[in-house]
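Subject: Structure handover

Dear colleague,

Here is the structure I said I would pass on. My notes on what was found in it follow below.

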Amino acid sequence: MIPKSVNVLGQIFKVKLLSQDQMDQVTGTQNAAGLCDDYNQVIYLSKSENKFAVQRTFYHEVFHAICCVNGLNQTLDDRTAEILAQSFASYMSQDHKNARK
């Protein structure tokens, strides 16, 4: 389940589920699954994906939010940040699935 907001190291990020057309407008690209807008403290997610994919994208974007709040985004290159975000999302998604068993 995707929350309406998430507390990231004391900073509240709103979470908005958008249609794919809305996501395309927000991101300026086509078919983006998610975006962390650290300036406005909003995590955008495309609701056109299946529930598992949306949950995984949520965790991916939360990782980016963590990096923004704690300053890691100033030290990580984009490729490394994406690898770490994907790893975090994979771990959290697996952990989330196991918790339901």
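Cys 36 counts as buried, at 12% relative accessibility. This is a predicted model, and what follows should be read as computed from it. The closest cysteine sulfur to that of Cys 36 belongs to Cys 68 and lies 4.9 Å away, which is too far for a bond. A disulfide would need the two sulfur atoms within 2.5 Å. Cys 67 is in no disulfide either: its nearest cysteine sulfur is again in Cys 68, at 7.0 Å. Cys 67 is buried too, with a relative accessible area of 4%. The count of disulfides for the structure is zero.

Aromatic pairs

How many aromatic pairs does the structure hold? There are two. Phe 58 and Tyr 59 make up a tilted pair, with 5.7 Å from centre to centre and 50° between the planes. Both partners are out of the solvent by the numbers: Phe 58 is buried at a relative accessible area of 6%, and Tyr 59 is buried at 10%.

The other pair is Phe 63 with Phe 88; the ring centres are 5.6 Å apart and the planes meet at 40°, so this pair is tilted as well. It links distant parts of the chain, since Phe 63 sits in helix α2 (residues 51-70) and Phe 88 in helix α3 (residues 78-99), 25 residues apart. Phe 63 is buried at 14% relative accessibility, whereas Phe 88 is partly exposed at 23%.

Nonpolar cores

The largest nonpolar core has 14 residues, and those touching the most other members are Val 6, Phe 13, Val 15, Ile 43, Leu 45 and Phe 58. Phe 58 is thus a member of this core as well as a partner in the aromatic pair with Tyr 59. Two or more residues come from each of β1 (5-8), β2 (11-18), β4 and α2. Which element gives the most to this core? That is α2, with five residues.

Leaving aside residues up to four places away in sequence, Val 15 touches Ile 2, Pro 3, Lys 4, Ser 5, Val 6, Ile 43, Leu 45 and Phe 58.

Ser 46

Ser 46 lies in strand β4. Is its position buried or exposed? Ser 46 is buried, with a relative accessible area of 1%. Its side chain makes a polar contact of 2.7 Å with the side chain of Gln 20. Not counting residues up to four places away in sequence, Ser 46 touches Leu 18, Gln 20, Met 23, Ala 32, Ala 33 and Val 54.

Backbone angles

Most residues other than glycine have a negative phi. Two residues are worth a look on this point. Asn 31 is not a glycine, yet has a positive phi of about 70°. Asn 31 is found in the loop between α1 (20-27) and β3 (34-37), and counts as exposed at 58% relative accessibility.

Gln 41, also not a glycine, has a positive phi of about 55°. Its place is the loop between β3 and β4 (42-46). Gln 41 counts as partly exposed, at 23% relative accessibility.

Asn 70

Asn 70 is in helix α2 and is partly exposed, with a relative accessible area of 39%.

Where to look

If you open the file with these notes at hand, the cysteines can be checked at Cys 36, Cys 67 and Cys 68. The pair that links α2 and α3 is at Phe 63 and Phe 88. For the polar contact, go to Ser 46 and Gln 20. The positive phi angles are at Asn 31 and Gln 41.

Regards

Conventions: Residues are numbered from 1 along each chain as its sequence is written. This is a predicted model: local features need pLDDT of at least 70, side-chain atom pairs count only at pLDDT 80 or more; totals for chains, interfaces and linings use all residues. Side-chain values use heavy atoms; hydrogens and water are left out. Buried means under 20% relative accessible area, exposed over 50%, partly exposed in between (1.4 Å probe, protein chains only). Rings of Phe, Tyr and Trp (its six-membered ring) pair if their centres lie within 6.5 Å; planes under 30 degrees apart count as stacked, over 60 as edge-to-face and the rest as tilted. Helices (H or I, at least four residues) and strands (E, at least two) are DSSP runs, numbered from the N terminus. A polar contact is a pair of N or O atoms within 3.5 Å; within protein, one must be able to donate a hydrogen and the other to accept it, and residues adjacent in sequence count only if both atoms are side-chain atoms. Contact means heavy atoms within 4.5 Å. A nonpolar core is a set of buried Ala, Val, Leu, Ile, Met, Phe, Trp, Tyr and Cys residues joined through side-chain atoms within 4.5 Å.
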